[in-house]
Amino acid sequence: MPRLTGLFDSFDNLDQISMEAIASWLKPVPQLNQLEDYLANKILYPQALPLTEPDMQIDLSILREALRMNGPKPGFQKNNALLGDNPFLNVTLRKILIPVKFLNFVPDLMSLTLVFIDALLLSREKKDYFQDLWTIVLTDNIDEIVGSILLPQFDGSGGVMNLELQSKNYEIRQGNLMLVPCPKDRCEIAYKLQKGKLLGKKENAFEIYGGKLGLVIDGRSA
Amino acid sequence: MKHLAPLRMRVEKDVITRVARVLVGKGVLNVSVGQQVTPPEIIGMATISAGFRTLDLSTLLSVSPQEVEKLLVKKIGQRIYKGELLAFKKGWLIGGKKVLTSPTDGVLDFLNNKTGELKIAFLPKKVNLPAGVYGIVEVVDKERGQVIIRTQVTRIYGMFGSGRSRDGILHILGKKDGLISKSAIQTEYDDCVLVGGSLFFKDAISACISAGVNGIITGGIDAKDYKGMAGGRLVFPKKLDNDIGTSIVVCEGFGSVPIGTDIFEILSGYEGKFVFIDGNKAVISLPSPLSSSLVKTKNTKLPELQNNDLILDVGQIKGDLELKSGLKVRVVGNSYLGEQGKLVAVNDSLTLLPSGARDYLVTVETARRKIQVPVANLEIMV
């Protein structure tokens, strides 16, 4: 069996991540010097796996910050439609690109997807309604679509989204996140929002990509 | 199913290599190419004359700068020795008496009447250069004041480090898992290479620099302290050399990590002996204390030197090897970091770890317990 490389092989600037930023994702917050030693050992021994659940949480927080750090830089040509502003996003096609090898280190696809949403989409400036919908793609030699992300825009507090999928009804409140299974390639959804919009409308019905993960509906605000 | 793990060179015994002996200042070298040398043999002599020390006598005597000159016991231009009376101020009934002695040997060079500061220039000092090793002289570079000697050493490879090549007498400060603070560093460790335990605190590293310690060998170091000495970056292997005034080799990783038994046992055998330390390459060279090593040294030819430069070929990772029971292994990562033991068993099926990750588990028997770790967290020791 070939030896695994590390989760963070794609990043060469992990040492530039601030400890405060990593700590902000963790509860309880560990001591910053311990966190710094943890990250340094991660850089020194990139192949090592986390053994405990708290260690996995630290790894995921490091990954969030590593993904964020590889976002747009000052001077980046924002009007170049061919280039995304992050190697893990295809802005033109509204795709979030998760390398399949990351699953060797974080086998839980939902946890991994959540990390990508937190890092790349949660605080992303939305320039048009289409940025409310993203397709989740596992990238390898052959890409695999595993689901979609819906980001409803609530205006004010107490917003609710009612979603119908495959004759089942779901309710997503503002500030919450929900995973709705939809193993088919295409899923028909219908929604209605109170105090909010999705894709510029309060209610609508359309088809989106499903897959082995399904639909992630994120009602959290940045 | 085959499971591979990286093969890490930690200790390399009885290697024929070249070491450089360098004069600390301008001087003469009195050996010739091909000459056989022994450790106590003086192969050169240098004179150190540079340097001075400034004392703020106005503050130390609690007088105005203009009053300092009349309180000096010696005149400007005169020689003074360490501990000799330098300045004296009479006191009154309620106190105020001040007695100042010279902190160093030197010459009273200059007194600034506006600031009350006295400059003492150090006396020129002659420093002998012993060979330090049993070996054969290969190069005598009078321009650089350097002699390159072919010799036999045991090499220890640390994980990373900082600082140029230095040498000194090895001194072990305590147990392999001790925490080293400032109070452990004494002035008599001048020119020594100190072996600590699991962590050298920042104040201990600073104390080493102040005391003139040539090298530090430790199991772990705080990432923040290492970043401070490595230009703010954590890049392995290092791309840029740096030096903070002492050389450090970290044998295990970041945080408090005891020095591995394999390395500590060998270092313990070298207490009080002369060793070389190269922090930037993370290598410690322990010269053979046996005169019989000269036989192997004489009979071993090394590749030609390029421009008389000593380039150490350092490669700690020697590829991958299949994991098999009985192999000596070392645990890496953030859990059980640095623990060493014998590989007892490798599981046939994948195990779901408490972290949620999956890997094949192996059982390692250490000196005091048996632990199970994923294959990914193992290195095979050489």
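Predicted model: local features only at pLDDT ≥ 70, side-chain atom pairs only at ≥ 80, totals over all residues.
Among the contacts in chain A with a separation of 6 or more, 62% are between residues 24 or more positions apart.

A:Val91 sits in the loop between β1 (89-90) and β2 (95-99) of chain A. With a relative accessible area of 18%, A:Val91 counts as buried, because the cut-off for that class is under 20%. In space, the C-alpha of A:Val91 lies 9.1 Å from the C-alpha of A:Trp134, although 43 residues separate the two in sequence.

The interface between the two chains comes next. On the side of chain B, 42 residues are in contact with 27 residues of chain A. The size of an interface is often given as the accessible area lost when the parts come together. For chain B and chain A this buried area is about 2,900 Å², with 56% of it on carbon and sulfur atoms.

On chain B, the elements β1 (4-8), α4 (223-229), β21 (247-254) and β27 (358-366) each supply at least two residues of the side that touches chain A. The largest share, 4 residues, comes from β1(B). By residue class, the side of chain B that touches chain A divides into 20 nonpolar, 10 polar and 12 charged residues.

Over all chains, the whole structure holds 9 aromatic pairs. One of these brings together B:Phe160 and B:Tyr226, whose ring centres are 4.7 Å apart; their planes stand at 65°, so the pair is edge-to-face. This pair links distant parts of the chain, since B:Phe160 belongs to strand β15 (residues 160-162) of chain B and B:Tyr226 to helix α4 of chain B, 66 residues apart. Both B:Phe160 and B:Tyr226 are buried. In chain A, ring pairs link A:Phe11, A:Phe88, A:Phe102 and A:Phe116 into a cluster.

Finally, a polar residue of chain B deserves a look. B:Asn242 is located in the loop between α4 and β21 of chain B. Its relative accessible area is 17%, and B:Asn242 is therefore buried. The side chain of B:Asn242 is joined to that of B:Ser162 by a polar contact of 3.1 Å. When neighbours within four places in sequence are left aside, the residues in contact with B:Asn242 are B:Ser162, B:Gly163, B:Arg164, B:Met229, B:Ala230, B:Gly231 and B:Asn280.

Conventions
Residues numbered from 1 in each chain as written. Chains lettered and ligands numbered in written order. Heavy atoms only, no water. Contact = heavy atoms within 4.5 Å. Buried area = accessible area lost by both parts, 1.4 Å probe. Nonpolar A, V, L, I, M, F, W, Y, C, P; charged D, E, K, R; others polar. Phe/Tyr/Trp six-rings, centres within 6.5 Å; stacked < 30°, edge-to-face > 60°. Buried < 20%, exposed > 50% of the residue type's maximum accessible area, 1.4 Å probe, protein only. Polar contact = N/O pair within 3.5 Å; in protein donor to acceptor, adjacent residues only side chain to side chain.
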